[in-house]
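Try each task before reading its solution.

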Amino acid sequence: MNFPAELKYAQTDEWVRVENGIATIGISDYAQDALGDVVYFEFSVEAGDQVKAGGQLGQVDSAKASSEVILPVSGVVTEINEAVSDDAEILNQDPYGTAWLLKIKMDDPAELEKLLTAEAYQAFRLG
Amino acid sequence: MFTPHTQKDVEVMLKAIGIGKVEDLFSEIPEKFRFPELQLPPGLSEMEAADELESIANANGNTKTLLNFLGAGAYDHYVPAAVDMLLRRGEFYTAYTPYQPEISQGTLQAIFEYQSLICELTGMDVANASHYDGATAAAEAVILAYHHLKGKRTKFLISRAVNPQYREVMRTYVRGNQDISIEGDDAETGIDPSMEKLIAQIDADTALVMVQYPDFFGRVIDYKPLIEAAHNAGALVAVAVNPTALGVLTPPGEIGADIVFGEGQPLGIPLSYGGPYLGIFAVTNDLLRKISGRLVGETVDNAGRLAYVLTLTAREQHIRREKATSNICTNQGLMALASTIYMSLLGKQGFEAVSNLCYQKAHYAAAQIGSIQGYKQLFSETPFFHEFVVRSPQPAAHLLDDLRAYDILGGYDLSKEYPELEGCLLIAVTEKIAKEDIDLLHDALIEVTHD
């Protein structure tokens, strides 16, 4: 199972990569593995929305469960990856790459401090 | 005798709550109201009870002995004997999808066939395994639109020409949700077939526009301008249908409806007060994940054999819980089966023939009644299916009472729901009505009007 060191993680299994104040967000390899075969993904927010950390980002359905994806940071949604809603299976295949979910222009970079490092997240999940 | 607890169980429970005997639980109730003596007549034998119940039942009128022109949402069609015969087989005689559904391949196949027939009839991509009736299906359409648009739009425009009972049930359903405002069915917006005043109310906050086809007055209105206006504003369109009418009319799926629902009773289900009836519900592929209720899909098993399964269950309430579009998953399995048998027996040609007979006979009736001195067919410039509105020279309620003396159910008194239609009768004509029956109604109307 893959926990890229350059990313930050939420305890609710989302990852965040920040470049120039823009956070790219997705779900972790651990999350896609726990979900099993993903069949459907639906965004709860759209580009232009002002969103708050802790709110719902989207809904992911697998063959055995339906789960919420949570927003790890606050800000304005700048872009949504329609490729995921068109073909949710890519969440299983490439959760850190082509299956990124959305980009947010962050309000408060300090929010990153509350997220976990790869090492801490791996320890949290795999013990 | 049903004995839920032994004497010992009761003693343990009484001791646990610290009282001596069961009667002590009722000590709060004043003595004189405890265990009142019921003034019941002496018991009857089975034979006497059957007689008594039959005499009570006979106080009801029924469509076997009365000539029936009453419709207004439920219609008196001929049901072939084979429908009941097959329906009452023990294998089918349950309203429920089994809890281990795939073990009952026959039940699932019947539902799959039902869904396929409904899709064909409505011109839609996906139909669910049914709802309770037309009114609850209408309410599900409102909830679906609300969730599909993520609760961001709050205005639900419902035509005043949608069945008043559907509108009442919708309001009951959403009463607890402050975000949903059901409007557009006021007297000011009215019932003009141009729909202009309703279209004018469509805006960026509108989630859903709902119309009926044919509408409550039997009128067949071209909804293309309304659907276009709704879609331009980003709203969904739900169309309530009478399935029988779709034998001759263009299916709403072909003119852009997002949701098609309706009362399935005309499809082989007898008239009865309180049901059971059948809620038809179908959507476009775009709304596939939002449709409530059960969905049966066709697949192959691990040996490559044709098999039926419950599919897309992740959207259902037992998995999605409070995030589900709806918490309804009960369907009218037996009634859906009745309609499946009915449609299969009639076939495509037979179905069209029933639809066409209703249409032709209703038009003969409208012409006959419209020719009576003092009577006028309303909306006569708008096409209609098998139901039409007639303004009579006297209050409709009196007229209907007088017609009962001729063993005729003359129709529906519209003034009850539409004060603007005082003295107006809604008259339905199905294939069961003969030309002679229509002439009988015509003659009876002349007699009761000149009394």
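**Exercise 1.** Which residue of S3(A) does A:Glu19 stand opposite?

*Solution.* This is a predicted model, so we're reading a prediction throughout. Start with the pairing: S2(A) (residues 14–19) runs antiparallel to strand S3 (residues 22–27) of chain A, and six bridges join them. Now go to A:Glu19: across from A:Glu19 sits A:Ile22 in S3(A). Finally, look at the turn. The hairpin of S2(A) and S3(A) has two residues between the strands, and A:Asn20 takes a positive phi near 55°.

**Exercise 2.** How many residues lie between S1(A) and S2(A) in their hairpin?

*Solution.* Begin with the strands themselves: S1 (residues 8–9) and S2 of chain A pair in the antiparallel sense, with two bridges. One of the pairs to look for is A:Tyr9, whose bridge partner in S2(A) is A:Trp15. Then count along the turn, and you get four residues between the strands. While you're there, check A:Asp13, which has a positive phi of about 80°.

**Exercise 3.** Find the open sheet of three strands in chain A. Which strands stand at its edges?

*Solution.* First write down the order, which is S4-S6-S7, with antiparallel pairing. Next, ask how many partners each strand has. S4 (38–43) and S7 (66–70) of chain A have a single partner strand each, so one side of each is left without a neighbour in the sheet. Those two are the edges. On average, neighbouring strands here are turned by 25° against each other, direction ignored. To see one pairing up close, follow S4(A) against strand S6 (residues 56–62) of chain A: they run antiparallel and share five bridges. A:Val38 faces A:Ser62 in S6(A).

**Exercise 4.** Why do H5(B) and H6(B) count as oblique to each other?

*Solution.* Take the angle first: helix H5 (residues 134–148) and helix H6 (residues 164–174) of chain B pack at about 50°, their axes 8 Å apart. Angles under 35 degrees count as roughly parallel and 65 to 115 as roughly perpendicular, so this pair is oblique. The crossing is right-handed. Then see who touches whom: residues of H5(B) including B:Ala138 and B:Val142 meet residues of H6(B) including B:Tyr166 and B:Val169. By class, this contact has nine nonpolar, three polar and no charged residues.

**Exercise 5.** Is the crossing of H4(B) and H10(B) left-handed or right-handed?

*Solution.* Locate helix H4 (residues 105–122) and helix H10 (residues 333–370) of chain B, whose axes lie 9 Å apart at an angle of about 60°. That makes them oblique to each other, and the crossing is left-handed. In the contact, B:Ile111 and B:Leu117 are among the H4(B) residues, while B:Leu337 and B:Met343 are among those of H10(B). Sorted by class, the contact has seven nonpolar, four polar and one charged residues.

**Exercise 6.** Where in chain B is B:Pro214 found?

*Solution.* Follow strand S5 (206–213) to its end: B:Pro214 is in the loop between S5 and helix H8 (224–232) of chain B. Then check the peptide bond from B:Tyr213 to B:Pro214, which is cis, with omega near -10°. Another cis bond runs from B:Gly275 to B:Pro276, with omega near 5°. B:Pro276 belongs to the loop between strand S7 (259–263) and strand S8 (279–283) of chain B.

How values were computed
Residues are numbered from 1 along each chain as its sequence is written. Chains are lettered from A and ligands numbered from 1 in the order in which they are written. This is a predicted model: local features need pLDDT of at least 70, side-chain atom pairs count only at pLDDT 80 or more; totals for chains, interfaces and linings use all residues. Two strands pair if DSSP finds at least two bridges between them. Axes are lines fitted to C-alpha atoms, for helices over the stretch in contact, and angles run from 0 to 180 degrees between N-to-C directions. Angles under 35 degrees count as roughly parallel, over 145 as roughly antiparallel, 65 to 115 as roughly perpendicular and the rest as oblique. A crossing is left-handed if the near helix is turned anticlockwise from the far one by less than a right angle, and right-handed if clockwise. Two residues are in contact if their C-beta atoms, placed from the backbone, lie within 7 Å. Ala, Val, Leu, Ile, Met, Phe, Trp, Tyr, Cys and Pro count as nonpolar, Asp, Glu, Lys and Arg as charged, and the others, Gly among them, as polar.
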